[in-house]
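The following exercises ask the reader to examine individual residues step by step.

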Amino acid sequence: MGVVDSLLNADRDHSDFVYTIAAIAALNGLLFGFDIGVISGALLYIKQSFALSPFLQGVVTSSVLVGAMIGAATGGKLADRFGRRRLTLAGAAVFFVGSFGMALSPTVGWLIGWRIVEGVAVGVASIVGPLLISETAPPDVRGSLGFLQQLMITIGILLSYVVSYAFAPEFLGIIGWRWMLWFGAVPAAVLAIGTYFLPESPRWLVETGRIEEARSVLSSIRTNDVVDKEIDQIREVSKTEEKGDLSELLEPWVRPALVVGVGLAIIQQFSGINTIIYYAPTILSSIGFGNLGSILSTVGIGVVNVVLTVVAVLLVDRVGRRPLLLVGTGGMTVMLGILGLGFLLPGFSGIVGYVTLGSMFLYVAFYAISLGPVFWLMISEIYPLRIRGTAEGVASVANWGANLIVGLTFLPLIELIGQGWSFWLLGGFCILAFLFIYTRVPETMGRSLEDIEADLRESSVVGADTDGKAPDVEHPSE
Ligand code: BGC
């Protein structure tokens, strides 16, 4: 069923309040996007204020990612202990305070420290937003609502670009990077106020024995006839489903899925998307665009990212995950090739400048219909239920870790080998990514999570080796 059909399905067993909850929970994604995107415009001015070397620019950019790794690694456990709602409120408070902290930083050390704190909230948001959405959404719209998080990430990035443009000193005269970073307090306040009115996840309430509270929450989001049935189901599942631990991830029959999840996490980052998300204005100003022109072009990149993510939402349940991933990484490879060539040719005037800018836009477009949303979707689909939470945590920590490596090394890499070769290196990586996806990543469209898990046990799809042979699999005795 297509996204729009399923969202508008009249014959449904839930109330519209489900959409309100999902929209508020997805504000976690908006803050995630804002915080990682805002540095791109702000960096142009921060580096002047503190006279930063390329390495220190990378550290300022990436410090948020160190925090995000900590947040993603602990978010699942914290959400189990304190509840999804309270954790979201705490995260919003950290976002709010952190925005003031960053804006008021007297030295670069303070700025880096506050960005790490803010990053913890970003990492937590990357876990708790999707959790709250998936635990309150009814099954028929769960997939579509799950995409909301990625859409909000891209909208958050776009918002950060627009704010950077509006607050650029060249535009408003007095304002600068401190105000850009401070602005994050606004969506943080909206998230806190919205979350205050949200109910707790019924699944968490049942798991912590608060059945009556769970019943009253479910009554507000489902039609009355399904409430008791759903409570029974949640109880049943949480009874049978003890949580698996890290060591289970290494069992031979799970390993292929682990490789796919962690592989896609690394690919999403090493394909270089955040070199553009963080550094587009820096790159553009280095080739002769003024500060304002660079930020304005970056706003265009943000718009392309949002629009193509919407296209991906519409396509993913029609054409499947694999075709999107293959077309996306193929297109990204070609665009990185052209981009690198643009930088290697002498002079950026006229047509070369436009072709380079155009290939940057198209590169982001290919990313947004593929690796952007499909990675987060697939890590929620390919793991067996028992270890899904832990395995998703591992994949997100790997994603933030890879993001950190790219963020830290990209500017020094440019210093070392130049922009042209740096983009070609990323292009070379995209070729490897294409081959990995072609040989290892299974199609999950239209298949129930149970079917995917059964396949994994048979090792027929996820487990196919690059040489086409199935790996040695010990089937668990059951
Ligand atoms: C990635 C981020 C990236 C964003 C760009 C997300 O899926 O995890 O690292 O900045 O997409 O849209």
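Predicted model: local features only at pLDDT ≥ 70, side-chain atom pairs only at ≥ 80, totals over all residues.

**Exercise 1.** Determine whether Q149 is buried or exposed, and describe its surroundings.

Solution. Begin with the location: Q149 belongs to helix α7, which covers residues 139-166. Next, consider accessibility. A residue is buried when its relative accessible area is under 20%. Q149 has a relative accessibility of 6%, and therefore it counts as buried. Then list the contacts, leaving aside residues up to four places away in sequence: Q149 touches A25, A26, N28, G29, F32, A125, S126, G129 and P130. Finally, for A125, the side chain of Q149 reaches the backbone oxygen of this residue at 3.5 Å.

**Exercise 2.** Describe the place of R84 and find the backbone oxygen that lies 2.7 Å from a polar atom of its side chain.

Solution. R84 lies in helix α5, residues 84-103. Its relative accessible area is 2%, so R84 is buried. Its contacts, again without residues up to four places away in sequence, are A79, V128, L131, L132, E135, E200, S201 and W204.

**Exercise 3.** Identify which residues touch the most other members of the largest nonpolar core.

Solution. This core contains 135 residues, and the residues in question are I46, L264, I276 and F423. Take I276 as a case: beyond four places in sequence, I276 touches Y161, I301, L339, M360, Y363, V364 and F423.

Methods:
Residues numbered from 1 in each chain as written. Heavy atoms only, no water. Helix = DSSP H or I, 4+ residues; strand = E, 2+ residues; numbered from the N terminus. Buried < 20%, exposed > 50% of the residue type's maximum accessible area, 1.4 Å probe, protein only. Polar contact = N/O pair within 3.5 Å; in protein donor to acceptor, adjacent residues only side chain to side chain. Contact = heavy atoms within 4.5 Å. Core = buried A, V, L, I, M, F, W, Y, C linked by side-chain atoms within 4.5 Å.
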